[in-house]
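Let's take a walk through this model, going from the fold as a whole down to a few side-chain pairs. Have the sequence and the 3D view ready.

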Amino acid sequence: MANQSTGLNRIIKAAGYSAKGIKAAWQNEAAFRQEVILAVLAIIVAFSFDFGMLERLFLISSVILVVIVEVLNSAIEAVVDRIGNEYHELSGRAKDMGSAAVFLAVILALFIWVTIIGSHFIR
């Protein structure tokens, strides 16, 4: 019998796992919900003004990147918490590094937004 985990079937299964992950993040992570809401608002703003195609692409991509990194950070935290509740230096380091990744993504998004909006409206 042929492997059922190839081609279209594999893609459908992967999409289902992804949907479960997004649902879990929405249900369990307040930061994810807040960042998704801010991303939606930012996307509305990006389409509300006369930005060029590349400007709009950078604006939207930067806020979506924050959401992506938040999902990865939440996954790291879930795995660390699954291992145990006792403090371990490596567990703390993993959580701190995940948090730092989110922070850096937010800083990048802010830099992009300030640069594009500043160059667009302050002339």
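Of the contacts in the chain with a separation of 6 or more, 62% are between residues 24 or more positions apart, a contact meaning heavy atoms within 4.5 Å. Keep in mind that this is a predicted model, where local features need pLDDT of at least 70 and side-chain atom pairs count only at pLDDT 80 or more, while totals for chains, interfaces and linings use all residues. Residues are numbered from 1 along each chain as its sequence is written, and side-chain values use heavy atoms, with hydrogens and water left out.

What are those contacts built on? The chain has four helices and zero strands, giving the pattern α-α-α-α along the sequence. Helices (H or I, at least four residues) and strands (E, at least two) are DSSP runs, numbered from the N terminus. The radius of gyration is 18 Å, well over the 14 Å that the globule rule gives for 123 residues, so the chain is more spread out than a compact globule. That radius is taken over C-alpha atoms, and the rule is 2.2 Å times the number of residues to the power 0.38.

Now for the surface. Of the 123 residues, 24% count as buried, where buried means under 20% relative accessible area, exposed over 50%, and partly exposed in between (1.4 Å probe, protein chains only).

The unreviewed UniProt entry annotates residues 36-54, 60-80 and 101-122 as "transmembrane region". Its positions are given in the numbering used here, feature names are shortened, and annotations may be inferred rather than shown by experiment. In the model, residues 60-80 are 100% helix and 0% strand, with end C-alpha atoms 31 Å apart. Residues 101-122 come out at 95% helix and 0% strand, and there the ends are 30 Å apart.

Which residues of H4 are buried? Among them are Gly 98, Val 102, Ala 105, Ala 109, Ile 112, Trp 113 and Ile 116. Their cover includes helix H2 (30-48) and helix H3 (53-83).

The structure also holds two salt bridges, each a side-chain nitrogen of Lys or Arg within 4 Å of a carboxyl oxygen of Asp or Glu. In one, Lys 95 meets Asp 81 at 2.6 Å, N to O. That pair links distant parts of the chain, with Lys 95 in helix H4 and Asp 81 in helix H3, 14 residues apart. Lys 95 is partly exposed at 27% relative accessible area, and Asp 81 is partly exposed at 40%. Also in H3 is Val 79, which counts as exposed at 52%; its C-alpha atom lies 9.9 Å from that of Lys 95, 16 residues along the chain.

The other bridge joins Glu 89 and Arg 93, whose closest N and O atoms are 3.1 Å apart. An α-helix has 3.6 residues a turn, so residues three or four places apart point the same way. Arg 93 is partly exposed, with a relative accessible area of 40%.
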